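Let's take a look at how charged side chains pair up in a protein. Here is the structure to follow along with.

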Amino acid sequence: MRERQTHRDRLRAQEFEAFVAGAGGRLLHTATLLTAEPATPAGANVRAERLLRAALARTYAEWDGLRGEDPYDRTRQELAVRFARESWRHRRPLGGVLDRLAPLERLVLVLRLYEEVGEDQTAALLGLPADRVRAVCDRSIAVMRTAERGTAGPGRGGPGAGSGPRGPGAGWGRGGPAAGSDHRGPAAASDHRGPAAASDRGGPGAASDRRGPAAGSPSASGAAP
């Protein structure tokens, strides 16, 4: 019995490490957008790293109970809930790409446009009416577009340059480092991973947009007990 339990624990740790290796970079980028910290140099986004470690620890603790649920979705949900709970800590501008936005505006914008979470799903996650989510998202886009027009100089397209909501430093969007890697990690093709081994994101390019590991992403060993 003890050997069987040890084997299950070892398998769970391997599956979790594979997940973090594949998804850690993108999740850290998401957390960094939420906390409005700069992504560089290394160590500049300590709040984001702390937020992600806590979310990953929760995912690891619930790993055996996921029962087919994508661990990426679970971790993203935990990130959003923890950030919303601690939003008062993230009001001071820290120099990040989205630091012009209030915490709720950041959260809605990141979920809707970067993570491509549906409006109704975002509303349910945050406990807000769908029309409120829509209004916050529209306002956030307007703020970022205004900021972008304000920083666009001659030869950069002038007003309206870059029709998307990205602000200065377009690395918050989908074309950042390692875009195109699969978030599920090296073991994604095998059936032993259990939860989300072949989950479908939905939406254009969703499955190909889970970034691989990035420098400074919290390791599996940091999240696992």
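D64 and R12 form a salt bridge, with their closest N and O atoms 3.4 Å apart. A salt bridge here means a side-chain nitrogen of Lys or Arg within 4 Å of a carboxyl oxygen of Asp or Glu, and by this rule the count comes to twelve. This is a predicted model, so local features need pLDDT of at least 70 and side-chain atom pairs count only at pLDDT 80 or more, while totals for chains, interfaces and linings use all residues. Residues are numbered from 1 along each chain as its sequence is written, and side-chain values use heavy atoms, leaving out hydrogens and water.

**D64 and R12**
- D64 sits in the loop between α2 (46-61) and α3 (71-85) and R12 in helix α1 (residues 2-35), so the pair ties together parts 52 residues apart in sequence. (Helices are DSSP runs of H or I, at least four residues, numbered from the N terminus.)
- D64 is exposed, at 56% relative accessible area. (Exposed is over 50%, buried is under 20%, and partly exposed is in between, using a 1.4 Å probe and protein chains only.)

**E62 and R74**
- E62 and R74 also meet in a salt bridge, at 2.2 Å from N to O.
- E62 is partly exposed at 23%, whereas R74 is buried at 19%.

**R139 and E105**
- R139 pairs with E105 in a salt bridge, the closest N and O atoms being 2.8 Å apart.
- R139 belongs to helix α6 (residues 130-151) and E105 to helix α4 (residues 103-114), 34 residues apart.

- Salt bridges with shared partners join R58, E62, E69, R74, E78 and R82 into one network.

Methods
Helices (H or I, at least four residues) and strands (E, at least two) are DSSP runs, numbered from the N terminus.
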